[in-house]
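Hello,

Here is the structure I promised to pass on to you. Have a look at it first, and then read on for what I found in it.

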Amino acid sequence: MRKKNIFLICIFIMVFPSGCNDRQELEQQSYVVAIGVDKAEEEDKYDFTYQIANPEVGSSSSQGGTNEPPSEIVTITGNDVLTATYTANAFVSKKITLDHTKVIIVSEELARDENFLRVLQAAARTPQIRRGVELIVSKEKAREFIQLNKPVTETRPHKYFLSILNRVTRSGLSPNSELHRFFQITEGDADLFLSTYASAIPSEEGEGNEDEYLAGQIPKLGGSPTQFMGAAVFKEGIMIDTLNGHETRLVNILDPTMDIENFITTFKDPIEPKFRVSIGYSQDKDPNISITYNKDKPSLIEVTVDFKAEVIAIPSLVDYSQNPDYQKRLINQIISELEEQTNKLIEKSQKEYGTDPFYWSLFVRKHFLDVKAYEKADWNKVIYPNAKIKVRYNLQNLEFGKMLNDTSLEEVRD
Amino acid sequence: MSPFFQAEKSTSETDMPIPTSISNRLEINIEQMKELFSFKVNKDFSYRSFVIHFNKKQATIFYYSSIVNGDKINETILKPLLEEDGRDLSNIITIENLLVLNDYKQIIKHINSGKAVLFVDGDSSVYSLDVADFQHRVITKAENESVIKGPQDAFTESLNVNLSLIRKQMHDRQLISEGMQVGVRSKSEINLLYVKDLVNEEILNNVKKRIEDISVDSIRNVELLEQYLEERPYSIVPTILYTERPDKATAYLEDGFIVILMDTSSACLIVPVTFWSFFHSPEDNYLRYLYGNFSRMIRLLCFYLTTMISATYVAISNFHSEMIPPDLLLAITASREYVPFPLIFEVLIMEIAFEIIREAGIRIPNPLGPTIGIVGALILGQAAVEANIISPIIVIIAALSGLSSFAISDININFTVRLTKFIFILAAGLFGMLALIGVFLLWFMYLASIKSFGVSFFAPLSPHFKSANDTFFRKAIKKQIFRPGQIKPQDMTKRPKDSN
């Protein structure tokens with residue numbers, strides 16, 4: 001009995017301290033919110049920029065305001081993302097933890113480099129970096145992007161990234177570009193991966209309608225300099241092109257794996273072409289995609305998109321709500337404009353990119369017995385570029401807001 | 001030194017052996033009685049001698065004046081004997097309860113339990129007259145197990161009153177109140193209540209045997225009896241239900257359980273029990289179906305919160321910080337920047353502080369009661385946080401776990417849960433979630449292995465028995481057809497046989 005007790009005590013003495021090995025007090029860690037990756041001057045080395053959140057800013061009212069900045073930004077040259085954190089501990093006082101990283105920002109320069117996959121691979125391997133981290137391509141160097149990114153109201157960086165990424169993907173201006181999706185699509189070796197495109201340096205102002213811009217081109221005054229707009233197109237792990245906001249929206253509409261909610265856009269006024277009608281576009285259901293696979297001749301891809309539209313503004317004051325004839329013309333205008341733009345995008349993807357950004361390869365897989373047969377049929381070289389693609393937009397329901405009649409201009413100005 | 005010896009000597013002198021037989025000469029009997037009860041020193045032991053009117057014989061009546069009703073003696077014994085004519089004693093004495101005793105052992109027992117004993121000259125049999133009037137509290141509101149909707153009366157420290165409270169609710173000729181005695185020096189009366197045609201005989205005999213096997217000088221009340229009856233005195237889990245509510249006791253009687261009452265406790269014991277007996281409140285059944293189940297749901301949540309929330313907090317923030325949403329994480333981190341202690345220590349400080357307030361709150365004299373609230377709130381809240389001894393979030397955690405523990409009204413299971421909380425916190429501090437889940441599993445397995453008078457602790461859920469399925473949630477009252485199958489009652493259905 002006594003021996004047994006002594007044995008038990010020994011076990012406990014051994015067990016108790018071993019738990020302390022893993023224990024990490026919260027305040028002894030630094031939480032990295034954003035990681036920036038750039039090419040270093042040296043070959044095969046990279047500059048890692050860590051944006052570390054300062055927990056004392058904005059999170060607790062009782063501790064009193066501090067004059068410290070909301071985050072600390074450090075850049076260090078290293079081999080991979082995790083080793084660099086330990087080097088950074090030479091000047092960051094706490095253990096750098098990547099558990100709460102929200103975004104990985106990659107400069108366009110690095111993204112277009114063929115070594116890009118190598119450095120990102122290391123990030124995927126460490127258990128610290130979640131697969132849900134968003135991949136962002138910045139037009140400038142990632143270090144500059146992080147340094148210049150000074151949100152005005154959301155001063156805490158994690159909150160800023162969470163809200164803005166949520167908003168741009170919901171409104172369709174940028175794709176959902178999780179790290180997991182990047183590897184899924186890249187390793188699937190069939191489709192194109194779209195990554196959020198961003199810039200903190202305003203470039204030449206672009207021209208076009210409300211969403212036909214790339215990040216940095218939006219004409220604006222005030223607010224944060226950072227813009228998230230459009231997408232970077234990755235083929236086989238290397239960036240090849242960019243899509244502007246409008247094209248990204250179309251991709252988001254056609255890709256059933258994206259969760260676009262609703263957005264407001266404008267269409268040409270069919271009665272008075274110098275005006276544009278504002279339409280609230282909303283889509284409850286995923287698009288219906290059916291692929292008829294033909295072994296010897298081009299396959300047929302049929303896509304049906306059910307959507308609803310709500311007229312937001314009619315600057316021309318044409319009476320669309322009461323006149324069924326005008327209504328029909330408006331509907332035709334909306335559908336034909338959407339279809340025309342979509343066809344243009346599809347043509348571009350078939351001819352220029354050689355494969356699709358819509359993740360449609362998911363729907364052809366069921367026609368094959370096994371992976372080998374599917375890989376042999378070659379979606380991205382044979383099936384998609386030669387396929388006949390029909391996209392049909394189907395307006396389920398047109399609404400006119402809470403007002404039937406617009407102000408009659410003649411009556412007002414008599 | 002010598003006074004000790006002397007004292008010992010003098011007690012041994014008075015410790016006379018109990019005479020074996022009753023003499024038929026009154027003077028001898030009086031002398032013996034006086035010696036037995038130390039008449040000269042024992043202030044409240046009284047006797048009165050008189051001549052019986054109808055046969056002109058000498059008689060003496062003995063009693064403890066403190067535990068008998070003097071008026072009753074006067075009205076029902078002395079007055080008739082002194083004035084009335086009649087054939088024999090039992091026709092003249094108007095008292096409702098008259099027994100004939102034949103030896104001194106019985107006499108001692110009867111006098112101790114508040115009877116008056118009548119000796120008559122020339123008669124070797126003795127009459128015991130029930131004039132007992134033990135003082136007790138009046139029936140008050142149930143204070144420890146209060147309900148909003150439902151009867152408010154509680155047991156009081158009198159067996160007869162308690163029995164009356166139960167019989168008032170259950171008019172069944174099969175409801176038996178069986179008396180048993182326990183204790184060698186001071187014999188106490190234990191009453192076993194059960195419904196004869198429902199109770200499981202095996203369990204009943206088991207309970208009786210355990211009571212018979214108790215060999216101790218005295219057991220004063222059911223609170224002590226509980227500890228003599230239970231199987232595992234060192235266990236963290238109670239196996240006997242203790243309640244002060246007559247309606248709760250009656251509900252269990254109707255289901256075939258056994259209720260144990262004593263004269264000296266304002267509560268009863270119910271056996272056998274399961275986890276559900278501790279989890280349920282009588283109000284669950286008084287409230288309408290939805291309301292009752294809603295309150296069960298809240299109580300279940302409280303069970304979880306009070307055992308787990310502190311431990312989960314320790315585990316997650318010490319070992320799995322990636323699980324915390326970033327806003328909360330940064331808020332906790334910021335509030336901990338100035339705290340000098342490790343997080344687990346912080347949690348233990350607060351939990352122990354809460355236990356201190358609780359313990360002190362029970363022991364504190366009533367007039368000081370309000371003070372404890374103010375001091376407690378100050379220590380727990382503002383002051384400790386402002387002094388940077390603990391972080392504000394810990395106050396929330398400790399308050400939540402403390403408050404939840406009050407929702408578990410049964411005092412026994414309440415202690416179980418509070419002790420478990422500390423086990424879980426220490427486990428979580430060791431290896432995080434891994435240890436917490438491991439210890440929880442062990443704890444749960446132990447609970448499942450517990451048996452109360454042969455009934456598994458989680459029955460009828462596991463192992464499964466036919467029952468009203470009154471476990472986490474209850475059915476509508478009309479659908480509660482079966483009695484709990486785990487105690488194997490003689491009659492399973494709560495409906496009359498012919499209605500089926």
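**Helices and record annotations**

Residues 300-319 of chain B are 100% helix and 0% strand, with 27 Å between the C-alpha atoms at the two ends. Please keep in mind that this is a predicted model.

An unreviewed UniProt entry gives "domain: Spore germination GerAC-like C-terminal" for residues 229-395 of chain A.

**Where the two chains meet**

How many residues of each chain are in contact? On the chain B side there are 26, and on the chain A side 28. Chain B and chain A bury about 2,500 Å² between them, and carbon and sulfur atoms give 58% of that area. Three residues stand out here: Asp327(B), Leu330(B) and Leu430(B) supply 23% of the area that chain B buries against chain A, more than any other three residues.

Asp327(B) is also worth a look for its charge pairing. Its side chain meets that of Lys159(A) in a salt bridge, at 2.4 Å from N to O. In total, 5 salt bridges are found across the interface of chain B and chain A. There are also 11 residue pairs in polar contact across this interface, counting pairs with both residues at pLDDT 80 or more.

Which helices of chain B supply at least two residues each to the side that touches chain A? They are H12 (289-319), H13 (326-336), H14 (343-363) and H17 (411-431). Of the elements on that side of chain B, H13(B) gives the most, with 10 residues. By residue class, the side of chain B that touches chain A has 16 nonpolar, 6 polar and 4 charged residues.

**Inside chain A**

Chain A is divided into domain 1 (28-254) and domain 2 (261-414). The C-alpha centres of these two domains of chain A are 30 Å apart. Their contact takes 27 residues from domain 1 of chain A and 33 residues from domain 2 of chain A.

The area buried between the two domains of chain A is about 2,500 Å², with 54% given by carbon and sulfur atoms. On the domain 1 side, Asp191(A), Ile253(A) and Leu254(A) lose the most area to domain 2 of chain A, and together they account for 29% of what that side buries.

Across this domain interface of chain A there is 1 salt bridge, and 10 residue pairs are in polar contact, both residues being at pLDDT 80 or more. Four elements each supply at least two residues to the side of domain 1 of chain A that touches domain 2: helix H7 (179-188), strand S8 (227-235), strand S9 (238-243) and helix H8 (245-254). The largest share of that side of domain 1 of chain A comes from H8(A), with 7 residues. Sorted by class, that side of domain 1 of chain A has 11 nonpolar, 5 polar and 11 charged residues.

One more pair to look up in chain A: the side chains of Lys348(A) and Glu247(A) form a salt bridge, at 3.2 Å from N to O.

**Domains of chain B and some backbone details**

The domain assignment of chain B gives domain 1 (2-130), domain 2 (159-273) and domain 3 (287-456). Between the C-alpha centres of domain 1 and domain 2 of chain B the distance is 32 Å.

Where are the cis peptide bonds to look at? One joins Ala459(B) and Pro460(B), with omega about 5 degrees. Another runs from Ser462(B) to Pro463(B), with omega near -5 degrees. Pro460(B) is in the segment after strand S12 (455-456) of chain B, and Pro463(B) also lies in the segment after S12 of chain B.

In chain A, Asp44(A) has a phi near 65 degrees, which is positive although the residue is not glycine. Asp44(A) sits in the loop between strand S1 (29-39) and strand S2 (46-53) of chain A.

Best wishes

Technical notes. Residues numbered from 1 in each chain as written. Chains lettered and ligands numbered in written order. Predicted model: local features only at pLDDT ≥ 70, side-chain atom pairs only at ≥ 80, totals over all residues. Heavy atoms only, no water. Contact = heavy atoms within 4.5 Å. Buried area = accessible area lost by both parts, 1.4 Å probe. Salt bridge = Lys/Arg side-chain N within 4 Å of Asp/Glu carboxyl O. Polar contact = N/O pair within 3.5 Å; in protein donor to acceptor, adjacent residues only side chain to side chain. Nonpolar A, V, L, I, M, F, W, Y, C, P; charged D, E, K, R; others polar. Domains from an automatic or database assignment. UniProt positions renumbered as here; feature names shortened; annotations may be inferred.
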